[in-house]
Amino acid sequence: MGNLLTYIPSPFVLGSVGVLLVAFVVARRLGYAAPLNDVTTTPSAPPVFFRGPLSGKSLSPKNVKLNQQMHASLKPCVVKSSSSVPDTMALVKAAATKCGFSKISVNDDSTLLQCIDTTKLVKFVDDIVVEIRNTNEIHIRSKSRLGAYDFGANRKRIERFQSVLTGSS
């Protein structure tokens, strides 16, 4: 049967679970933990992933509504210093690299960039797709691979990327 103490979780594990539970409850109360893990600057026509398990998947009607309600202030940004799609894509790639995104790839017509970001603490992998429209208009989508809640991580990632891209960081 073994030692009974080997079946009892350590105080560290119990404390960690307790802290996470409290953080989740507080985040829900403050509105940071709505059941949304797919955030975009363009809910009505979000960028679509072009490779991997999310390839071709758009937002569900529920996520479109949640994005419109929770992230109405999140809008596409414009790269004013660029006058062509290749120039804009070069800036987008540089910003993705500066943000620490990895596995960066670009589609054939250089209008979509897809990459991943890994959270620091728990090492969750999230997917990002950036679409260039009208030469210099940047539409972004960030989706968590696991869970229904992102605790604001996807929005923060989009805002950080936009800040780096437009030179305000």
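This is a guided tour of one predicted protein chain, stop by stop.

Before selecting anything, keep in mind that in this predicted model local features need pLDDT of at least 70 and side-chain atom pairs count only at pLDDT 80 or more, while totals for chains, interfaces and linings use all residues. Residues are numbered from 1 along each chain as its sequence is written, and side-chain values use heavy atoms, with hydrogens and water left out.

**The whole chain.** Show the cartoon and trace the chain from the N terminus, where the elements run α-β-α-β-α-β-β-β-β-α, giving 4 helices and 6 strands; helices (H or I, at least four residues) and strands (E, at least two) are DSSP runs, numbered from the N terminus. Of the 169 residues, 39% are buried, where buried means under 20% relative accessible area, exposed over 50%, and partly exposed in between (1.4 Å probe, protein chains only).

**Helix 4.** Next select residues 153-166, which form helix 4. This helix has 14 residues and reaches 20 Å from its first C-alpha to its last, close to the 20 Å expected at 1.5 Å a residue, the expected span being 1.5 Å times one less than the number of residues.

**Gln162.** Staying in helix 4, select Gln162, which counts as buried because its relative accessibility is 13%. A polar atom of its side chain lies 2.7 Å from the backbone oxygen of Lys75. Leaving aside residues up to four places away in sequence, Gln162 touches several residues, among them Thr41, Lys75 and Pro76; contact means heavy atoms within 4.5 Å.

**His139.** Move to strand 6 (residues 137-144) and select His139, which is buried because its relative accessibility is 4%. Its side chain makes polar contacts with the side chains of Glu137, at 2.6 Å, and Arg133, at 3.4 Å; a polar contact is a pair of N or O atoms within 3.5 Å, and within protein one must be able to donate a hydrogen and the other to accept it, while residues adjacent in sequence count only if both atoms are side-chain atoms. Beyond residues up to four places away in sequence, His139 touches Thr41 and Pro76, among others.

**Leu121.** Finally, select Leu121 in the loop between strand 4 (112-118) and strand 5 (125-133), where this residue counts as exposed because its relative accessible area is 79%.
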